[in-house]
Amino acid sequence: MSEPSEAAVTGVALFDLDGVLVRGDTFTRLLRRHLSQSPWRTALVVPVTPLLAVRPLRPAAARMIMRLALLGFDAPRFRARAQAFGRDLAVDGGVAIPEAVATLRRHAGAGDRVVVVTACEHDLARAVLDGLGLGEVELISSRLSWGRFGVGRGSLHNYGSRKPRQLAAYGIEPPWEHAYSDSLADLPMLAAANQAILVNPAGKVAWRAQRALGGRLRIVHW
């Protein structure tokens with residue numbers, strides 16, 4: 001199944017997408033490719049990009065860049081672009097993390113309910129998973145809303161503390177057995193796991209996660 005169901009939950013294994021199953025930020029890759037093919041949209045985005053270096057302004061700047069990059073798009077046009085890009089990305093030999101994909105498949109083979117919980121946009125994330133041969137894996141993701149000129153204000157960003165709330169909306173309540181992430185933004189999801197697995201942590205990420213999670217934390221390098 002491609003969407004979460006409200007079935008009874010036992011043996012749940014949660015996986016982030018970016019940095020866990022694939023390298024890098026998938027949605028950023030899509031926007032970069034798209035902007036490289038649209039000089040006039042690039043001209044709109046360039047003045048905003050320096051704001052990404054200012055931490056308090058970073059979220060608002062990222063939203064503005066997304067809206068400018070997708071100006072003039074509607075849902076069908078974006079879906080076609082995202083699906084094509086996601087399929088291409090999945091077959092790029094340097095993008096998928098084989099150990100992570102194999103681990104996900106082991107969980108599924110052992111009878112766990114496997115769910116990918118990601119901030120990546122839904123159509124793009126679904127295309128990547130399908131391209132990796134994970135079409136049956138459930139997906140909880142960000143979703144864009146669309147207005148007259150492009151991305152609307154009702155978009156859902158499945159990030160940080162919103163992930164456990166989204167899981168609950170699909171009947172998946174803590175504690176879950178396993179949670180895999182590479183980001184401290186996912187501490188709310190990791191903290192609700194019996195076994196929290198931090199993937200390829202950089203810098204002080206491992207130390208901060210260890211302080212927050214204690215003995216439930218396991219670190220893997222893939």
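Which side chain meets that of arginine 113 in a salt bridge? In this predicted model, the partner is glutamate 138, with a distance of 2.9 Å from N to O. The two residues belong to distant parts of the chain: arginine 113 is in strand S2 (residues 113-121) and glutamate 138 is in strand S3 (residues 138-142), 25 residues apart. Arginine 113 has a relative accessible area of 10% and is therefore buried, the cut-off being under 20%. Glutamate 138 is buried as well, with a relative accessible area of 7%.

The count of salt bridges in the model comes to five. Side chains of opposite charge can pair when their charged atoms come close. A further salt bridge joins lysine 163 to aspartate 16, where the closest N and O atoms are 3.3 Å apart. Lysine 163 lies in helix H7 (residues 162-169), while aspartate 16 lies in the loop between strand S1 (12-15) and helix H1 (26-36), so this pair ties together parts of the chain that are 147 residues apart in sequence. Both lysine 163 and aspartate 16 are buried.

Lysine 163 also meets the side chain of aspartate 186 in a salt bridge, at 3.0 Å from N to O. This pair again links distant parts of the chain, 23 residues apart: aspartate 186 is in the loop between strand S4 (176-181) and helix H8 (187-191), and lysine 163 is in helix H7. The relative accessible area of aspartate 186 is 3%, so this residue counts as buried. For lysine 163 the relative accessibility is 2%, which means that it too counts as buried.

Arginine 41 presents another case. This residue lies in helix H2 (residues 39-45). Arginine 41 is buried, yet it has no salt bridge. The nearest side chain of opposite charge belongs to aspartate 74 and is 9.9 Å away. A salt bridge requires a nitrogen and a carboxyl oxygen within 4 Å, so aspartate 74, at 9.9 Å, does not form one with arginine 41. A polar atom of the arginine 41 side chain does lie 3.4 Å from the backbone oxygen of alanine 69. Leaving aside residues up to four places away in sequence, arginine 41 touches His34, Leu35, Leu68, Ala69, Leu71, Phe73 and Arg77. Alanine 69 is therefore among the residues in contact with arginine 41, the limit for contact being 4.5 Å between heavy atoms.

Notes:
Residues numbered from 1 in each chain as written. Predicted model: local features only at pLDDT ≥ 70, side-chain atom pairs only at ≥ 80, totals over all residues. Heavy atoms only, no water. Helix = DSSP H or I, 4+ residues; strand = E, 2+ residues; numbered from the N terminus. Buried < 20%, exposed > 50% of the residue type's maximum accessible area, 1.4 Å probe, protein only. Lys, Arg positive; Asp, Glu negative; His and termini not counted. Polar contact = N/O pair within 3.5 Å; in protein donor to acceptor, adjacent residues only side chain to side chain.
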